Structures are given as structure tokens and as C-alpha cells.
Amino acid sequence: MSYTFQWYLVQNNMPKLLAAALVTLELTALAIAIGVVLGLLVSLARMSGVKPLAWVASAYVDFFRGTPLLVQIFLIHYGVSSFFGYTPVPFISAVAALGINSGAYVAEIFRGGIQAVDRGQMEAARSLGMSWGQSMRHVVIPQAFRISVPALGNEVIALLKDTSLVAVISVVELMNQGRLIVGRTPRYLEVYLTIAILYFVMTKSIAFLVGRLERRLKTGDHGNRPL
Amino acid sequence: MITVTDLYKNFGRLAVLRGVSCHIKEGEVVVVIGPSGSGKSTFLRCLNHLETITSGEIVIDGIRLTDRETDINKIRREVGMVFQRFNLFPHKTALGNITLAPVTVKGMPLSEAEKLGRRLLAKVGLAEKADAYPDQLSGGQQQRVAIARALAMEPRVMLFDEPTSALDPEMVGEVLAVMKDLAREGMTMVVVSHEMGFAREVGDRVFFMDEGCIVEEGTPAEIFGNPRHERTKAFLSKIL
Ligand SMILES: Nc1ncnc2c1ncn2[C@@H]1O[C@H](COP(=O)(O)OP(=O)(O)O)[C@@H](O)[C@H]1O
Ligand SMILES: [Mg+2]
């Protein structure tokens, strides 16, 4: 058995693959932005003590964590087109689906982070006359965010890998570009190995950046340790 | 200044405060003592509405805490609280801890709040620690910053919940000294503490609490020198 690895294929397709990798990064960045905003709102809603609000927030988290992302992508893309009678731009559907899905996970991360902040912090803030919202914003959330950084980093990495699923609604991101290339030249090993390496480089880079951020926060971590 | 009438507080089925009544005059320093679990912290927390009371009435400075129209945050501005474990905000400097509430709650300009903050830090003897973070400060220093933080809202009453019991012995004095200064300036204070020296020196009255009631009250000399109730005697014999 002899297999000749066709390097020229890698070389010739590199510009296309890099452009597609950029789309993957764009999808990840936009989706995590939506996910963080949504996740923060949802985690606050769950802890607000306002029953209907908390209920809707929990239902959202349960639904999007409890069903496959692939189904959600189809649901959002084709669901919208059959319901409203027009087909959204696939890229928009993709960002929406990934962002909404990520929001459910981020909400859980923030909820854990907020619960990990000492109760005395909220009490001290309230005792100074700050409202619940002010106390959350200025005292609890900044600390919860620090606690959440490692988990958020993992979420970004998971999300980046999940963007490969939106190939099914024909967004030309890295995975889909690969499929298009092998459709024309069926050299699976060259193409998918290159793609795997590109994904790996991206996730490793994110892990590195998150690690640095974590260390920066740690040296500036002024934990109020109980005696 | 503070009038408490028949205050009850339950946690579920556990009755923690069982008919507490008292009157605290302006400028008075009241020291609350009693065994662990007797409801001292809960009593203070009710005064600051960190706990919702089950029944009874609390009137502070003419404002009834239980009235629906009463803005609780407004009351909390009038009542400062110092906690056993300091509860400083770890992500803010000493100065940042002090300026946060005046800026966010009162809308004070930051420059003015910082001026106030530095003045208060100087008052508690920490002028040079403005830019230090809580974990760069000793326990005693942290507690003094916490006192300055509470004072920044210009409260009319200060509540202290065992302010020195989490401190190493050598740091107790510096915190008590700040509290004594405050007392001499005429601040109305309710202090949960078993520091007898402090109680004798600046306390006007001592409340002995047990099982959710104020069992006995009197001047420090009366309570420590000549307790009337058996439970007070038993408690004092244990801690003295
Ligand atoms: N949030 C709470 N939920 C339930 N029980 C509580 C709560 N806070 C205090 N307690 C109970 O109330 C009682 C009195 O507590 P506390 O006021 O802290 O007493 P002290 O400060 O005198 O030691 C204790 O039995 C304690 O377990
Ligand atoms: Mg206590």
C-alpha cells in the first residue's frame, strides 16, 4: 500500500481554506458576543426572583442544552423560512443559532460564577444603600466574571468547533469549504487533515489567550479570603 | 433614634427573634452580648433590613421600616453596617471601596468622592493605603477600611457585628480605637461584641440577648458588675 501525499493540493487550496477559516472565526466571535449578552441577561433573569421571568429563562436554558445543535440550526434556518415565507441569509441564521445556543451554556457559566461570589458581597453593597441592580453591576458581576473566565474560554473553543455544523445550511466556513474542495478533487486525507490542523491552531491560540487573561486576572486577583 | 417594638423573626419554623423591644437614643452606644446563636446578628440585620422581619415594628429616625412606601435603600443609607468578615470588595482598592456607594447611590462626582474617601482613610489611620487592594491589607486594616466605607454614606447609625472577632489579637486594638473615636464624636452605635473593655469604656448600655430575647439590659457597670438574671450570670462567668 502506498499513498502519495499530494502537497500541491494543500498549497493550492490554502488561500481558500484560510479565507474560510476567517469565516469560522467571524462566526465564533459574533456568536460568543451574542452568547455572552444573552447568557448574562438569562442568568440574571433566573436569579431575579421574578417567577415568570425565571421560568422562561430556565426553559430557554433547558431547551437549548437539551436538544442537538444541528436540530437547532435547521429549526432556526428553515423554521424561519417556512414561518415568515422568506429564507434568511445562511450566515445570519448560523450566527443566530450558534449565539442562541451558546447563550444557554454561558447562562449556566455565569450562574455558577455569580453563586460562587460570597454572599457577604451583596450584603455589604446593599447595606450601603445600593439597589439590587447596582450591587449586581458594580460588585457581584465583575467578580463573577473573573471566576467564569476559564469556563468561558472552554465555551469559546467548543463554539468554534461547533461552527463546523453550519456547513449544513451552506455557510462557506472552513468545514464546508473542505467539502467543496473534495467534491471537485476527492483527496480526503490532504483536505481534511489540513482542515483539522487549521481548527487545532485556532483552538490552541484561543486557549493560549484565555490562559494569559486568566494569569493577568490572577496577579490582579485581590481575593478577599476569609480568615 | 431607633425604636423596636415586639420584633419577631422566623427562619421557616425556627423562631430566631421572639419579641425584641428596645429604644436607642441618638448618640447612644449600645453593646449587645449573648451566646452564639442567640439572634444578635439577626437583630442587627433586621435593623438594616437585610432580613425581612416576620412581625413587629422598627422605626429609625422617624421612618417606619415596615411601611410599604418606605424606600429601604434610603434607610440603608442612614444605617451603616460593619461585618465580622469585613466584606470589602476585592476587585476595588481601599479608595474604590469607599467611593463606590457615594458615586452610584448619591451621584456624587468621583473627584469629590475621592476627596471624601481620602479624608475618611486618614481618619481611620490609613491615608497611605488608598491604592492598596484588600488582599494587600491586614485584617485590622481591612476592617478599618470597611468602617470608612460605611461612614462615606454619612449614616446616622452604625451597626457593628462582631467587628473584631475575626482578627488576630494584636489587631483588635486598632479597630476598637477607631470605634471609640466614633463613639466620642456622638455617633449612634449598636455593637455586637464581647470586648468588655470597649463596652465599659464607651458603652452607654449593654443588652444581654439569649434565645431571641433581650433578657437583661443596663449600664455596663450593672451588667458586668451586678447581673440580675441567672442566664446573664452564667454567660458572663463563661466569657470573663
Ligand atoms: N438565613 C438563615 N436561615 C436560617 N437560619 C438562620 C439564618 N440566619 C441565622 N439563622 C439561625 O438563627 C439563629 C440565630 O443566628 P444569629 O442571629 O446569627 O445568632 P448570633 O449572631 O447571636 O450568633 C441561629 O440558630 C442560626 O442558625
Ligand atoms: Mg453573629
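The turns below set labels against their definitions.

Tutor: This is a predicted model, in which local features need pLDDT of at least 70, side-chain atom pairs count only at pLDDT 80 or more, and totals for chains, interfaces and linings use all residues. Residues are numbered from 1 along each chain as its sequence is written, chains are lettered from A and ligands numbered from 1 in the order in which they are written, and side-chain values use heavy atoms, with hydrogens and water left out.

Student: What makes A:Arg215 exposed?

Tutor: The relative accessible area of A:Arg215 is 53%, and therefore A:Arg215 is exposed. A:Arg215 belongs to helix H8 (residues 188–219) of chain A.

Student: Which label does A:Ile197 get, and why?

Tutor: A:Ile197 is also in helix H8 of chain A. Because its relative accessible area is 48%, A:Ile197 is partly exposed.

Student: How do you know that E4(B) and E5(B) pair?

Tutor: Two strands pair if DSSP finds at least two bridges between them. Two bridges join E4(B) to E5(B), which run antiparallel. In one of these places, B:Ile60 has B:Ile63 in E5(B) as its bridge partner.

Student: Which strands make up the open sheet in chain B, and in what order?

Tutor: The open sheet has four strands in the order E2-E1-E4-E5 (chain B), with antiparallel pairing. Strand E2 (14–24) and strand E5 (63–64) of chain B each have a single partner strand, so they stand at the edges, and one side of each is left without a neighbour in the sheet.

Student: What makes strand E9 and strand E10 of chain B a pair?

Tutor: Strand E9 (residues 205–210) and strand E10 (residues 213–218) of chain B are joined by five bridges, in the antiparallel sense. B:Phe207 stands opposite B:Glu217 in E10(B). The hairpin of E9(B) and E10(B) has two residues between the strands, and B:Glu211 takes a positive phi near 50° there.

Key. Buried means under 20% relative accessible area, exposed over 50%, partly exposed in between (1.4 Å probe, protein chains only).
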